[in-house]
Amino acid sequence: MRLLRIVPDDTKFDFMQFRRISFPISAVLSILAIGLYFFHGLNFGIDFKGGLLMEVQSKTPTADLSTMRTTLSGLGLGEVQLQQFGGPSNVLVRIAEQPGGDAAQQAAVQKVRGALGDSVEYRRVEVVGPRVSSELLSYGVVGLGLAILGILIYLWFRFEWQFALGAMIANVHDIVLTIGFMSITQIDFDLTSIAALLTILGYSLNDTVVIYDRIREMLRRYKKMPMAELLNASVNQTLSRSVITHVTVTLALLALLLFGGQAIHSFAATMTFGVVLVGTYTSIFIAAPILIYLGVGRGTDALTGPESGKSK
Amino acid sequence: MLYFTRWKAAGIVLTALVVCLFAVPNFFPEATVNSWPKWAQRHLVLGLDLQGGSHILLEVDTNAVRKDKLETTRDDVRRVLRDARVGYTGLVVRGNSVEVRLRDEAASATALTKLRELAVPLGGILGGSGQMSLNVTTEAGNLIRLTVGDAAILDRVRQSVEQSIQIIERRVNELGTVEPLIQRQGTDRILVQVPGLQDPTRLKELLGKTAKLDFRMVDIGTPVEQALQGRAPPEDDLLYSSTAPKTPYLIEKRVLVSGAELTDAQPGFDQRTSEPIVSFRFNTAGSRKFAQATQENVGKPFAIVLDNEVISAPVIREPILGGSGQISGSFTVQSANDLSILLRAGALPAPLTIIEERTVGPGLGADSIAKGKMSSYVGAGLVIVFMLATYGIFGLFANIAVAINVAMIFGVLSLLNATLTLPGIAGVVLTVGIAVDSNVLIYERIREEVRAGRSPINAIDAGFSRALATILDSNITTFIAAAVLFYIGTGPVRGFAVTLGIGIITTVFTAFTVTRLIVATWVRWRRPQHVPI
């Protein structure tokens, strides 16, 4: 049986040369993403904004959105957003946080339930009060920061600081671009999004670490090879693995995206963007070439990592 | 790397097998599993997002606790000074303290000693922090200030949470649901998770009521109109009836008997009007107080007050000596039933506010399970086919390793009685995607070593030993992310972190042992002349 070979053996792409294009592109994209965040904003979901979210299924085959809108608008709960969700009979009702603290949110749920009555099945009801939402947001942001810091320390410990810094820059780049993606698509930004961001962080680093591992090994073996050439060789040698692994992760993600249903759709979409599109690109075109600028040490001292004894 | 002692090989197979076996109870119905020995009963718990149910986060109202503590302190001061026969001119609650102005400065030493006895060490006698519940100071001779510190409030809040949990347990158990979870969260919060509820409205009603029941006299000496104009006597409260139209009543602050002295409450029907009622019985002390109060007040109305609303205000026709009675007050069968549940369970020490609610109906839960299964099968199928196409026989090895990996994830999850959520299923699917990465790393390395001119066995050996360090490094970074996610996340997100984290551990384990053992066995068996990857 002839086996599938996506990447031919012994590729010799000049990835380092490409940095003259990839760095400016990434810089521009990152600035765009940051701009989007500040001027277009994220679509904060109920977790961080508080308020009311209900998924209801009408008992008729098609939900009558306009009647529902009229009914709910008459309740005096401020702006009511209705959205078809999944199928024609499913409707997502969103109501902004009510003024008057936690008790007011509960009163609003009762009003909506009273107004819609038995005409619908309540598939999901989420009510997040003002205090919980602000806590969840700060947890999310702190968590993201903690994860980055933890990984930085680990890499610093395992590699040299240049590697840790390079991975970190690549990392922040991933997160910034993914946030840009969330801003453009206006996907709900909630706790699940934080989970997606953290996973993207983990995977992208996973990839970067594999390449860095190879670079470190090459640095030990070929003490005289010019840096750009060495980095190129490392990326080329691991290219087949990078591609194959990404195909498998993409297959798994596609299954989630296509068959996982509405509940994890935004999670799967964000992951697909972050892992498949950004993560791979970052490891090859940002994380590796950036080491040229960070001046990875080639002294014997700097190269005796914990693995040096075993490499022969 | 390819040599295993017999013991080591047996150890690996045994470990993997045992861990996988823990997943077995999940495939049998609950009733069957319950007849098995205890240690074999551990199984996965479906999250609320999959089986449907309500997640409700309650918070103790710290301000109410503070207010209550200050008012009790004020009443204590009044009692202590009266008993010690110390005269005072002003007694007020101001900010976080109670201030009392003595009439005679000479008495301040006596008053101070007596009032200091009110202060108790916080946290009980054992393990106290050395702080006192009250800080008694004197100022300008005849002004004494009793300050309730934040530590004292915190202590009170903590106690309230503990008591509330027991009361909530009693209330929720009356709903007859399976396995409700009630636990403290932080210092002032209580998490209630009740699976399988279609409509949480009733649950919320049972949780949201303080259920503080008092029997008090109606003040008939003062017209209600006067109170409505804002001139209620200081010893009375202006309260309204619980049902529409809201009728105002002037109710004495003094409590005849409180709900704490009830021993039982049951719903029933009035024999004459066949209206729903709640009948109750007092304990001995309560019976005596109630008998005395009704004897002294025949012909006058008294009020049954629940959470500052008047349920009913009947006129006492004759003394009630038996220690039991009934409340009627335009109940429905349901509300009579609920009130008796609340009265039996007891009053909450402080009001609770619902600050977060997430309810999933059973329909959505079932849909999510179906979708989770579907995407898992499709994801696994695609990956299996791709690996076979790319690596042939080694792809088969990888698939076997991944299958064992997934079985082990479920084994560990069952062992921990962990909760499986929809994002958790996504975590498993993603683990399948990256679990093969460890195999890809090894195989690609073997390919390279073959190209570098090594003999097959040498290449396989070197491939393993070099790839394993990389596998460890790359998985630890993802594990750090999963650990952080576990720490900050709640509910479904935490479920994702759990499966992702366990998935990483089992992935590293299978890469280091199972995959290696499979390949080593194959090498010994086939003695390959070339590596078919």
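A residue is called buried if 20 or more other C-beta atoms lie within 10 Å of its own, exposed if 12 or fewer, and partly exposed in between, with C-beta atoms placed from the backbone. The model is predicted: local features need pLDDT of at least 70, side-chain atom pairs count only at pLDDT 80 or more, and totals for chains, interfaces and linings use all residues. Residues are numbered from 1 along each chain as its sequence is written, while chains are lettered from A and ligands numbered from 1 in the order in which they are written.

**Arg42(B)**

Arg42(B) has 19 C-beta neighbours inside 10 Å and so counts as partly exposed. Arg42(B) sits in the loop between helix H2 (30-34) and strand E1 (45-46) of chain B; helices (H or I, at least four residues) and strands (E, at least two) are DSSP runs, numbered from the N terminus. Leu415(B) is 373 residues away along the chain, yet its C-alpha atom is separated from that of Arg42(B) by 5.8 Å. Contact requires C-beta atoms, placed from the backbone, to lie within 7 Å. Leaving out residues up to four places away in sequence, Arg42(B) touches Phe22(B), Pro25(B), Ser414(B), Leu415(B) and Asn417(B).

**Helix H4(B)**

Helix H4 of chain B runs over residues 62-83, and its 22 residues should span 32 Å at 1.5 Å a residue; the end C-alpha atoms are 31 Å apart, which agrees. The expected span is 1.5 Å times one less than the number of residues. Val65(B), Lys69(B), Leu70(B), Thr73(B), Val77(B) and Leu81(B) are the buried residues of H4(B). Viewed down the axis of H4(B), these buried residues fall within an arc of 130°, so they line one face of the helix. The arc is taken over the directions from the helix axis to the C-beta atoms. An α-helix has 3.6 residues a turn, so residues three or four places apart point the same way.

The buried residues of H4(B) pack against several elements of chain B, among them strand E2 (53-60), helix H5 (108-116) and helix H6 (150-173). On the face turned away from the buried side are the exposed residues Glu71(B), Asp75(B), Arg79(B), Arg82(B) and Asp83(B).

**Positive phi**

Most residues other than glycine have a negative phi.

| Residue | Phi |
|---|---|
| Arg85(B) | about 55° |
| Asp307(B) | about 50° |
| Asn308(B) | near 65° |

Asp307(B) lies in the loop between strand E14 (302-306) and strand E15 (309-312) of chain B, and Asn308(B) is found in the loop between E14 and E15. Asp307(B) is partly exposed, with 17 other C-beta atoms within 10 Å; Asn308(B), with 13 C-beta neighbours inside 10 Å, also counts as partly exposed.

Key. Two residues are in contact if their C-beta atoms, placed from the backbone, lie within 7 Å.
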